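Please load the model in a viewer and keep the selection panel at hand.

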Amino acid sequence: MADIDTAGLKANFGEVAGHGPDVVAQYFYSYLFLRYPETRDMFPPSMAKQRDRLVGALVRIVTNVDNIAELVPYLEDLGRDHRKFGALSAHYPAVGEALITTLRHFSGDSWTEKLHDDWAAAYGLVAATMSGAAEKVDASEPAWWDADITEVDLRTFDLAVLKVRTETPHPYVAGQSISVEPSTLRPREWRLYTPANAPGGLEIELHVRLIDGGPVSTALVRSAAPGDKLRLGPPFGQMVLDPASRRPLLLVGGSTGLAPLKAVIDQLARDGGRPTHLYFGARSVREIYDRKDLDLLAERYPWLTVVIAISDDIRWKGPRGVVGKVVANAGDWSSHDVMVCGSPAMVKFTVATLIASGVPENQIKFEDFGDA
Ligand code: HEM
């Protein structure tokens, strides 16, 4: 790996992307589907250009192969998750071939043997980690779990809380996410959501915010009804409680980043409780979509303190400001385990502010709603 020039790969893709990401993705998929037609049915029925999710993610991951040690837990989750598409080890060389053929095509004269070898080596490392993890999964573990929607509660015009019921228990841990396919409404479209309750039964609560133009969130917020079928992928993510730690907890969430933090509180309650502060940040009072539950939790658990910070609404009588700043100004959190979940900007700011205020980096776990 030492001699893979990842900066060279990034520069090469920068040049390729200059032809337009849609054109590049179209070439990639045309090659893949013509050459390996058996892969077509793994992808959504309509491959409208703006919906490409694989090529960009693929390049982003492969060109960061110099951080492979840090990427391994994510790649292992991703490899296990790809079983739900029907992706087997044999498909990885096909995708690698389509990627390299596409890059060569758009590189023209700047394509070199070194670029070829570096792309192949970097892709090979990532693919081996993913397919290796998928092969290690116990054969009795399903590639997905079937579920029914049992309740849709539209909390704001763009946010719904869904209750879904699986046929068999789903093996997630509180704080982890699950990819969800609305198989009745949008077959073969998958997006990650995070359960808001700890595992243990068959019921899972999901918080879904409408993303403009997002087919899955639109289906789940606008059209979903009890009885609609879902498929759920395997668990994903590292933002879980450290079983060896007894430190108090600080949880900081924005928007539906509240969901995993509620799951963690649910898990703590089942384990007997631990001093915990939950900070939920929103721009306006209208965005406090789970107020009733937050009040209930604060009332029920003496070890839990709930603080809501509002940045842009003068009606709010509680703490005002962006949640990262409010929380950092509220005390010394250096002896706490911290979890942060929300938009990429909110997470970046909050984590940086907490580190600057003295919280050791290795006590902070975070998840954002950005792409891989
Ligand atoms: C190193 C190899 C690979 C990497 C790093 C990779 C990575 C990813 C990532 C990160 C996504 C999700 C993108 C998102 O949701 O934003 C994705 C989606 C997907 N991947 Fe892979 N993948 C790889 C290989 C494969 C292979 C071999 C197949 C099977 C032919 C495959 C099939 C798919 C499909 C069907 C999707 C969903 C695409 C969509 O919704 O439009 N991937 N991949």
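The stops below treat the ligand shell and then the helix packing.

This is a predicted model, in which local features need pLDDT of at least 70, side-chain atom pairs count only at pLDDT 80 or more, and totals for chains, interfaces and linings use all residues. Residues are numbered from 1 along each chain as its sequence is written, and side-chain values use heavy atoms, with hydrogens and water left out.

**Stop 1: the ligand**

The ligand is surrounded by 21 residues, of which Arg-53, Leu-54, Leu-58, His-82 and Phe-85 are the closest. By class, the shell comprises 18 nonpolar residues, two polar and one charged; here Ala, Val, Leu, Ile, Met, Phe, Trp, Tyr, Cys and Pro count as nonpolar, Asp, Glu, Lys and Arg as charged, and the others, Gly among them, as polar.

Next, display the polar contacts, defined as pairs of N or O atoms within 3.5 Å; within protein, one atom must be able to donate a hydrogen and the other to accept it, and residues adjacent in sequence count only if both atoms are side-chain atoms. An oxygen atom of the ligand lies 3.1 Å from a polar side-chain atom of Arg-53. For His-82, a side-chain N or O atom is 3.0 Å from a nitrogen atom of the ligand.

Which helices each supply at least two residues of this shell? They are α3 (54–62), α4 (68–81), α5 (91–107) and α6 (113–136). Helices (H or I, at least four residues) are DSSP runs, numbered from the N terminus.

**Stop 2: α3 and α6**

Select α3 with α6, which pack at an angle of about 100° with their axes 9 Å apart. Axes are lines fitted to C-alpha atoms, for helices over the stretch in contact, and angles run from 0 to 180 degrees between N-to-C directions. The two helices α3 and α6 are therefore roughly perpendicular (65 to 115 degrees). In contact (heavy atoms within 4.5 Å) are Leu-58, Val-59, Ile-61 and Val-62 of α3 and Trp-119, Ala-122, Tyr-123 and Val-126 of α6. This contact has eight nonpolar residues, no polar and no charged.

**Stop 3: α5 and α6**

From α5, Tyr-92, Val-95, Gly-96, Leu-99, Ile-100 and Leu-103 meet His-116, Trp-119, Ala-120, Tyr-123, Ala-127, Met-130 and Ser-131 of α6.

How values were computed: A residue is near a molecule or strand if one of its heavy atoms lies within 4 Å of it. Angles under 35 degrees count as roughly parallel, over 145 as roughly antiparallel, 65 to 115 as roughly perpendicular and the rest as oblique.
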